[in-house]
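Thanks for coming. I will talk through one structure today, and please keep it open while I speak.

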Amino acid sequence: MDIHEYQAKKLLQKFGVNIPRGGIAYSPEQAVYRCSELSGDTWVVKAQIHSGARGKAGGVRICRSEQEVWDAAQWMLGRKLITHQTGPQGKMVSRLYIEEATDIRQEIYLGFVMDRKLERVVVVASAQGGMEIEEISAEEPDSIIRSVVDPAVGMQAFQAREIAFSLGLEPQLIAQASKTIMGCYQMMSEMDANMVEINPLVVTASNEIVALDAKVSFDTNALYRHPKISELRDKSQEDPRETYAGDRGLNYIGLEGEIGCIVNGAGLAMATLDMIKMAGGEPANFLDVGGGASPERVLKSFKAVLNDPNVEAILVNIFAGINRCDWIAEGVILAVKELDLKMPLVVRLSGTNVEEGLKLLAESGLNIETASSLAEAADKVVRAWRATQMAEAS
């Protein structure tokens with residue numbers, strides 16, 4: 001789960017990370033009022049969306065008068081910002097963060113990520129801040145600093161100092177930098193975050209180290225331990241297909257194709273996507289229906305898949321162990337009838353009670369095509385989808 005920049009900064013501040021003063025605004029009037037609260041003569045208006053590269057899309061503006069703040073807020077609010085991370089659909093701006101301007105002397109990149117191969121938290125830092133880490137890696141590969149944290153002891157003070165020295169900071173800044181690094185790790189560890197990124201972390205003209213931007217992502221499976229973090233979720237920033245499915249307990253990831261997939265087991269779901277691609281089609285989603293799926297859960301899965309207007313055919317692929325093929329078949333029949341499904345539907349069943357499941361499908365009298373193998377199922381659903389496309393075109 002991602003959160004907004006201002007939310008991430010408030011969390012980091014509780015762990016000793018220095019942030020600029022700022023306030024949230026939902027209208028141009030509030031934005032101007034925030035300026036008067038902050039005082040000064042220069043402010044930064046930041047669109048709050050779950051995406052990087054906001055500045056390139058016009059979502060970050062430096063303003064030197066209240067009128068400029070008003071104009072920036074008026075332009076951003078209610079607009080969809082499109083960045084390379086949002087895709088062409090963009091993300092709606094519904095709130096702004098008004099922040100005091102910072103006199104920047106140096107920019108640094110600082111990130112904490114979970115390395116699943118090492119099964120460790122890895123600190124990634126660079127003296128070349130202000131850019132995406134991919135750009136830094138491509139343009140300044142020698143500037144990348146990596147430090148692995150041993151989970152048995154956590155981040156140690158000497159590690160934080162080593163990173164600070166490696167960044168080439170002045171001696172009087174080492175203590176501040178170490179405190180910031182330690183605070184970021186502590187927040188990541190205690191709050192079950194998957195990633196903490198400060199880009200840029202800046203050295204100001206007054207020799208302070210300040211987090212000018214912040215991005216934090218949390219482990220969704222651990223949110224039950226952090227109800228206050230769960231409350232920070234902004235569903236308007238999420239893929240509505242994934243939100244709908246997630247609220248119904250389904251493991252769903254939206255893709256860009258036309259063939260919807262309902263599968264049990266993550267590995268089998270990935271294999272199904274691959275087979276559809278090999279057959280010449282494009283999968284519309286990853287969906288793991290889970291073990292012990294009841295007919296009602298199968299119906300929910302169909303509704304989640306059909307929530308995507310691009311879906312034009314559906315493949316159900318079940319290898320039943322904990323599941324039972326007759327339950328799946330009952331759910332498929334229920335979905336076809338209740339949803340009045342007209343698009344091509346191919347079902348491949350294997351495992352527990354497969355004979356009973358296939359019999360139910362055959363005797364239903366519905367237009368449901370079956371397959372005995374995954375390769376056959378993928379081929380059938382792609383051919384049926386193409387046939388539908390050709391019929392519509394003609």
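This is a predicted model: local features need pLDDT of at least 70, side-chain atom pairs count only at pLDDT 80 or more; totals for chains, interfaces and linings use all residues.

Residues are numbered from 1 along each chain as its sequence is written, and side-chain values use heavy atoms, with hydrogens and water left out.

Start with the sheet. Helices (H or I, at least four residues) and strands (E, at least two) are DSSP runs, numbered from the N terminus. Two strands pair if DSSP finds at least two bridges between them. Here 4 strands make an open sheet, in the order 1-6-2-3, with antiparallel pairing. Strand 1 (22-25) and strand 3 (60-63) are the edge strands, each pairing on one side only. On average, neighbouring strands are turned by 20° against each other, direction ignored. Strand 1 is joined to strand 6 (residues 96-100) by 4 bridges. G23, for example, has I98 in strand 6 as its bridge partner.

For angles, axes are lines fitted to C-alpha atoms, for helices over the stretch in contact, and the angles run from 0 to 180 degrees between N-to-C directions. Helix 1 (residues 5-14) packs on the sheet and touches strand 1, strand 2 (43-47) and strand 6, with its direction at about 50° to that of strand 6. Helix 3 (residues 66-76) lies across strand 2, strand 3 and strand 6, and runs at about 165° to strand 3.

Next, the helix pair. Where do helix 2 and helix 3 meet? On helix 2 the residues are P28, E29, A31, V32 and C35, and on helix 3 they are E66, V69, W70, A73 and Q74. The axes of helix 2 (residues 28-38) and helix 3 come within 8 Å and cross at roughly 145°.

Last, the cysteines. How many disulfides does the structure hold? The count is 0, where a disulfide is a pair of cysteine sulfur atoms within 2.5 Å. For C35, the nearest cysteine sulfur is that of C63, 7.4 Å away. C35 is also buried, at a relative accessible area of 1%; buried means under 20%, exposed over 50% and partly exposed in between, with a 1.4 Å probe and protein chains only. C325 is in no disulfide either, and the nearest cysteine sulfur, that of C261, is 18 Å away. C325 counts as buried too, at 0% relative accessibility.

Methods
Contact means heavy atoms within 4.5 Å.
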